[in-house]
Amino acid sequence: MKVFLILGAVALSLSGCARVSSVFQGGGSSSPAPQAEAAPPPPEEIAEIVSAPPPASGSRTADDFDTVTDEQRTAASAAPSGGEQRLGEVVASLGDPTQPGLWIKTSLVDAQQSGRLEYPVRGTSAVVELRPLDGDGGSQVSLAAMRLLEAPLTDLPTLVVYAN
């Protein structure tokens with residue numbers, strides 16, 4: 001009797017796994033795939049630097065998802081112009097890679113504004129759009145900004161946040 005119960009439990013759990021797997025593979029569910037939430041336009045003074053087109057559907061690699069141009073990377077890496085305020089340090093993770101551009105979502109700001117991130121470990125910095133993040137959790141950084149800062153995509157780097 002125990003063997004039948006165990007086999008029944010295994011069969012039931014495997015059928016559940018197959019159903020979950022089919023949802024992740026695009027089958028078994030008629031609901032559309034989640035779309036990236038639309039962010040408001042960035043501040044005008046940095047819009048040309050931090051804005052980028054969305055990645056193409058079917059994107060799979062970091063290069064596919066990072067749609068920031070070389071010119072934007074150069075402009076975003078330029079030395080700070082001064083007059084900025086240090087907001088603090090945050091532990092950051094990679095944000096939604098389908099949201100293009102150079103940005104950070106952080107609880108250090110209450111409103112969207114221009115700013116800069118610094119990654120002291122590498123001595124790199126980048127002009128970014130500062131976006132408010134509800135709660136006290138860690139900050140989320142765009143794929144393009146993480147790559148520009150040369151921060152490891154799978155780590156939780158500590159970044160210094162500045163507001164203009």
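## Basis

Residues are numbered from 1 along each chain as its sequence is written, and side-chain values use heavy atoms, with hydrogens and water left out. Because the model is predicted, local features need pLDDT of at least 70 and side-chain atom pairs count only at pLDDT 80 or more, while totals for chains, interfaces and linings use all residues.

Strands (E, at least two residues) and helices (H or I, at least four) are DSSP runs, numbered from the N terminus. Two strands pair if DSSP finds at least two bridges between them.

β1 and β6 are antiparallel, paired over 6 bridges. V91 stands opposite T158 in β6. β1 also joins β5 (residues 139-141) through 3 bridges, this time in parallel. There, A92 has S139 as its bridge partner. β3 and β6 pair in the antiparallel sense over 4 bridges, and E118 faces V160 in β6.

## Nonpolar core

The largest nonpolar core holds 27 residues. Such a core is a set of buried Ala, Val, Leu, Ile, Met, Phe, Trp, Tyr and Cys residues joined through side-chain atoms within 4.5 Å. L102, I104, L117, V128, V141 and L159 touch the most other members. Elements that each supply at least two residues include β1 (85-94), β3 (113-119), β4 (124-132) and β6 (158-163). Helix α5 gives the most, with 5 residues.

L159 has contacts (heavy atoms within 4.5 Å) with residues including V90, L117, V141 and L149, not counting residues up to four places away in sequence.

S114 lies in strand β3. At 3% relative accessibility, S114 counts as buried. Buried means under 20% relative accessible area, exposed over 50%, and partly exposed in between (1.4 Å probe, protein chains only).

The S114 side chain makes a polar contact with the side chain of E45 at 2.9 Å. A polar contact is a pair of N or O atoms within 3.5 Å; within protein, one must be able to donate a hydrogen and the other to accept it, and residues adjacent in sequence count only if both atoms are side-chain atoms. S114 also touches residues including P43, I46, V128 and L130.

## Loop between α5 and β6

E150 lies in this loop. Phi of E150 is near 60°, a positive value in a residue other than glycine. Most residues other than glycine have a negative phi.

L153 is found in the loop too. L153 is partly exposed, at 31% relative accessibility. Among its contacts are L94 and M146.

## Salt bridges

The structure holds 9 salt bridges. Each is a side-chain nitrogen of Lys or Arg within 4 Å of a carboxyl oxygen of Asp or Glu. R147 bridges to D66, with the closest N and O atoms 3.3 Å apart. R147 sits in helix α5 and D66 in the loop between α3 (62-65) and α4 (70-76), 81 residues apart. D66 is buried at 7% relative accessible area, whereas R147 is partly exposed at 32%. Both belong to a network that links D63, D66, D70, R73 and R147.

E150 pairs with R122, closest N and O atoms 2.9 Å apart. R122 lies in the loop between β3 and β4, so the pair ties together parts 28 residues apart in sequence. R131 forms a salt bridge with E129 at 3.3 Å, and both residues are buried.
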